[in-house]
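My notes follow in the order I looked things up.

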Protein chains: 4
Amino acid sequence: MPHEQHQELLEALHECMEACNHCYDACLKEEDVKMMVDCIRLDRECADICAYLEQAIARNSQFIPQLAAVCAEICEACGNECKKHDHEHCQRCAEACFHCAEVCRKIA
Amino acid sequence: MPHEQHQELLEALHECMEACNHCYDACLKEEDVKMMVDCIRLDRECADICAYLEQAIARNSQFIPQLAAVCAEICEACGNECKKHDHEHCQRCAEACFHCAEVCRKIA
Amino acid sequence: MPHEQHQELLEALHECMEACNHCYDACLKEEDVKMMVDCIRLDRECADICAYLEQAIARNSQFIPQLAAVCAEICEACGNECKKHDHEHCQRCAEACFHCAEVCRKIA
Amino acid sequence: MPHEQHQELLEALHECMEACNHCYDACLKEEDVKMMVDCIRLDRECADICAYLEQAIARNSQFIPQLAAVCAEICEACGNECKKHDHEHCQRCAEACFHCAEVCRKIA
């Protein structure tokens, strides 16, 4: 089963999707929202591609490596933006993104 | 946090999304694929709405109750189709669908 | 064909999806981004459900009425938020949202 | 505006998404559904990535080239499968897929 072979990736994607969506929500509530606009954008880019790849794995898509390569790049970009900000939600999101990027690269 | 309040729902949605995508993949490999066409359709309807609602919860959407009502109905329909078939993937999918429908109805 | 029966709805959804995504992008570039946070959120809620319903119609889903009911409600909420703001992208988005809500309600 | 720069791509993606979803629906109604299983799978892979990329362009994503590269590959694979089948929906889908793959490659 692809969802068994890819268990580590599925978990990384799921945590990253949740962390990004949570960071998106929290950024929109910050006082300094102007500073967070790139983070808001990238959080949603990253959450969406992670959710997409989760489903692709679950349905045994033949395009997992290609999608994982794009996902790794988006996770990396989101992690780099998030780590610039001291908010706890950003720091946790950066961590989830970098971990997910790393696991994606193993499959890509 | 919405993703903490809705932990039971998030888990039910995630299991249902995985079970439906797995059932979709397995149905397409069955000898008797002609018998499985409604199951194939409903598996994807159900997987997609579950994945959609998972993200909506994670980003703290204000439309969770309305989406959960639609999701409950789709899960119920998918469960009813799946339970007609003896394949283990269908039986497991039916179970995940009925559980998810029930948890969705609590929120709807 | 569902995509022929529902031509008016498909067009309304597509215009609304584009207007909402454009408004989301433009709001994130505004000086007064703090004032636009609800608009940013609702733009993405609305774009996502419109895109979802477009695909559901195109694949001849049996759940079009239920999805259209939720979509109408989200479009209405997004239109109400957008019309508060004088930016041209918000005004155009409000118009697309209200039109889409109206067409959705005919199907729902 | 990205949605103006990318007008040709947006149209190709939209036609391809509609053709693939229609082909998916029509394949599931064919007598010889067993022969159509790869087509059913690829139709949904292709419809989903096209819909995804449409939204990414509309929201001015910074990852359009990378997503277009994956999309081109999926469109190509779907077109190659569809063109094996004489059904009119398959032939029309193949055409939409090959055109979309070509336009994607210009951006990728």
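**Helix 3 and helix 4, chain D**

I began with one helix pair. Helix 3 of chain D and helix 4 of chain D are roughly antiparallel, because their angle lies over the 145 degrees cut-off. The model is predicted, and I read everything below with that in mind. I noted an angle of about 155° for the pair, with the axes 9 Å apart. Helix 3 covers residues 37-58 and helix 4 covers residues 64-82. I looked up the hand of the crossing of helix 3 of chain D and helix 4 of chain D, and it is left-handed.

Next I listed who meets whom. From helix 3 of chain D I wrote down residues including Leu42(D), Cys46(D), Ile49(D), Cys50(D), Leu53(D) and Ile57(D). On the helix 4 side of chain D, the contact includes Ile64(D), Leu67(D), Cys71(D), Ile74(D), Cys75(D) and Cys78(D). I sorted the contact of helix 3 of chain D with helix 4 of chain D by class: 18 nonpolar, no polar and 4 charged.

**Helix 2 and helix 5, chain A**

I moved to chain A. Helix 2 of chain A and helix 5 of chain A pack at about 150°, and their axes are 8 Å apart. Helix 5 takes in residues 88-107. This pair is therefore roughly antiparallel. I recorded a left-handed crossing for helix 2 of chain A and helix 5 of chain A.

Which residues make this contact? From helix 2 of chain A I noted, among others, Leu9(A), Leu13(A), Cys16(A), Cys20(A), His22(A) and Cys27(A). Helix 5 of chain A brings residues including His89(A), Cys93(A), His99(A), Val103(A), Lys106(A) and Ile107(A). By class, the contact of helix 2 of chain A with helix 5 of chain A holds 17 nonpolar, 3 polar and 3 charged residues.

**Across chains: A and C**

I then looked for a helix pair that spans two chains. Helix 2 of chain A, residues 7-29, packs on helix 3 of chain C at about 155°. Their axes are 9 Å apart. Helix 2 of chain A and helix 3 of chain C are thus roughly antiparallel. Their crossing is left-handed.

Tyr24(A), Asp25(A), Leu28(A) and Lys29(A) come from helix 2 of chain A. Val37(C), Ile40(C), Arg41(C) and Arg44(C) come from helix 3 of chain C. The class count for helix 2 of chain A with helix 3 of chain C is 4 nonpolar, no polar and 4 charged.

I checked His6(C) next. His6(C) sits in the loop between helix 1 (2-5) and helix 2 (7-29) of chain C. Is His6(C) buried or exposed? His6(C) counts as buried, because its relative accessibility is 14% and the cut-off is under 20%. Leaving out residues up to four places away in sequence, His6(C) touches Ile57(C), Ile64(C) and Ile107(C).

I followed one of those partners. Ile57(C) lies in helix 3 of chain C. Ile57(C) is buried, at 0% relative accessibility. I also noted 9.7 Å between the C-alpha atoms of Ile57(C) and Gln7(C), which stand 50 residues apart along the chain.

**Asn60 in chains A and C**

Asn60(A) has a positive phi of about 65°, although it is not a glycine. I placed Asn60(A) in the loop between helix 3 (37-58) and helix 4 (64-82) of chain A. Asn60(A) is partly exposed, at 28% relative accessible area.

Asn60(C) has a positive phi near 65°. Asn60(C) is in the loop between helix 3 and helix 4 of chain C. At 26% relative accessible area, Asn60(C) is partly exposed.

**Symmetry**

Last, I superposed chains. Chain D goes onto chain B by a rotation of 180° with 0.0 Å of shift along the axis, at RMSD 0.0 Å. These two copies are therefore related as by a two-fold rotation axis. I found that 100% of the contact residues of chain D recur in chain B, so the same surface serves both copies.

Chain A goes onto chain B by a rotation of 180°, with 0.0 Å of shift and an RMSD of 0.0 Å. In chain A, Ala51(A) has the C-alpha nearest the axis, 3.6 Å from it. Chains A and B meet through the same surface, because 100% of the interface residues of chain A are also interface residues in chain B.

Notes. Residues numbered from 1 in each chain as written. Chains lettered and ligands numbered in written order. Predicted model: local features only at pLDDT ≥ 70, side-chain atom pairs only at ≥ 80, totals over all residues. Heavy atoms only, no water. Helix = DSSP H or I, 4+ residues; strand = E, 2+ residues; numbered from the N terminus. Buried < 20%, exposed > 50% of the residue type's maximum accessible area, 1.4 Å probe, protein only. Least-squares fit on C-alpha atoms with pLDDT ≥ 70 in both. Contact = heavy atoms within 4.5 Å. Axes fitted to C-alpha atoms, helices over the stretch in contact; angles between N-to-C directions. Parallel < 35°, antiparallel > 145°, perpendicular 65-115°, else oblique. Left-handed = near helix turned anticlockwise from the far one by under 90°. Nonpolar A, V, L, I, M, F, W, Y, C, P; charged D, E, K, R; others polar.
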